[in-house]
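Please examine the sequence and the structure shown below. The paragraphs that follow lead from one pair of residues to the wider architecture.

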Amino acid sequence: MSVLTDNFILRHRLIIAWVLCIAIAVGLGYLFQGKATMFKGIAEASETIISVPSATEIVKIHVMPGQEIHAGDTIVELNRPDLTLRMNELNRELDAIEGRSNLNKAEIDQKVAEIKADLATRSSTLRFEINKMETEYQKNKEIASKLKSLSAAGGKSDGNDAMAMRIKSMKEELALLQKNANEQIGLLRGSRNLQKSSGKNEAETLKKELEELAKQQEELIQIAKEDWVVGDVNVRDGEKVSSFTPIVTLTHKSPTLVRGYINEQVYQHMNLGKNVVVNSLGGTGAGVEGEVVGLSSRIVPFPERMWKMPEMPVYGREVTIKIPENNPFLLGEMVTISENQLQSLFDEQ
């Protein structure tokens, strides 16, 4: 009877223990449901590739694979024959525009001078004739005033006779001559200003293109803007390469990002901007805080070194995590990424 009682109590306690375990598991599952508490990744460094958008000739490579370079160091010297040819063409066009502008200005100035000279000659002739006729007209009036038989007619003489009409007509001709000359000069000068403005706009367009090409020419000597480690050198001195061909690959000395891989069933709560902790795979040393800066939009295969069994690929979502440059990881080192659970709880609230 005692044995039966003890067995019953033991079974009862086991049942209670199982119920408690299940309750705890359910509670933990509810608390952290859908969360990726830990996953693996590979420490990598950001890379930059030197290339140009046109066919290029390699003049000289100044670096070699594995070399550490610093800001200000020359990496490679390039040459673009098409760039030099186009810049020479633009300079010739600018010279031609300036030459045309100077020529047009000289031609217009010459025409203006001819008009002024013709005006001066014709005006001088007309003024001479007008003065001559006015003098003769005045003498005739004086003679007529002395003759008694013409005294009445002379008194009425007010310039309406034939000579007076001729003088008036010549003065009007002189005024019209000056007006026409001024209009012609105005048109010529306006044409010069229009041509000057058109040539100026054309020259400004060419100068802008020339400035852009000059910038591209400066970039033919590639200078390091920060510290790098040379990864690959894909060309040789004197070689000609096509557009966008990778010439030199540069990478940072220490990892700057982690490429993590998370199971496709538990990535729902891994969002951009989320803070995570990155540790070495062995778990030694303090963790490094990182930030999720990229999430793949499709399912991708894990790297082979992360497969649990050979020839059995694992699939999931790729997560890019930015980490500080000052970190203890090695390039290519496998690491673990875990969520900041305290932050996750705040996010849930």
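Ala43 has Val258 in β10 as its bridge partner. The two strands concerned are β1, residues 38-44, and β10, residues 257-263; they run antiparallel and are joined by five bridges. Strands are counted as paired if DSSP finds at least two bridges between them. Helices (H or I, at least four residues) and strands (E, at least two) are themselves DSSP runs, numbered from the N terminus.

The model is predicted, and local features need pLDDT of at least 70, side-chain atom pairs count only at pLDDT 80 or more, while totals for chains, interfaces and linings use all residues. Residues are numbered from 1 along each chain as its sequence is written, and side-chain values use heavy atoms, with hydrogens and water left out.

The pairing of β1 with β10 belongs to a closed barrel of six strands, in the order β1-β10-β13-β12-β11-β14, with antiparallel pairing. On average, neighbouring strands of this sheet are turned by 45° against each other, direction ignored. For such angles, axes are lines fitted to C-alpha atoms, for helices over the stretch in contact, and angles run from 0 to 180 degrees between N-to-C directions.

In total, the chain contains five helices and 14 strands. Of its 349 residues, 28% count as buried; buried means under 20% relative accessible area, exposed over 50%, and partly exposed in between (1.4 Å probe, protein chains only). The chain exposes about 23300 Å², of which carbon and sulfur atoms supply 55%. These areas come from the Shrake-Rupley method with a 1.4 Å probe, and for residues only the protein chains shown count as cover. Among contacts in the chain with a separation of 6 or more, 79% are accounted for by residues 24 or more positions apart, a contact being heavy atoms within 4.5 Å.

Which residues does Ser242 contact, leaving aside its neighbours within four places in sequence? They are Ser54 and Ala55. The C-alpha atoms of Ser242 and Ala55 are separated by 4.4 Å, although the two residues are 187 residues apart along the chain. Ser242 is partly exposed, with a relative accessible area of 47%.

Charged side chains come next. Side chains of opposite charge can pair when their charged atoms come close. A salt bridge is defined as a side-chain nitrogen of Lys or Arg within 4 Å of a carboxyl oxygen of Asp or Glu, and a search of the whole structure finds eight of them.

Arg80 is buried at 6% relative accessible area, whereas Asp82 is partly exposed at 37%.

Another salt bridge is formed by the side chains of Glu209 and Arg86, at 2.9 Å from N to O. This pair links distant parts of the chain, 123 residues apart: Glu209 lies in helix α4 (residues 162-218) and Arg86 in helix α2 (residues 81-146). Glu209 is partly exposed at 30% relative accessible area, and Arg86 is partly exposed at 25%.

Helix α2 also holds Arg122 and Asp118, which are separated by about one helical turn because they are four residues apart. The closest N and O atoms of their salt bridge are 3.7 Å apart. Arg122 is partly exposed at 41%, as is Asp118 at 39%. Elsewhere, salt bridges that share partners join Arg86, Glu89, Glu93 and Glu209 into one network.
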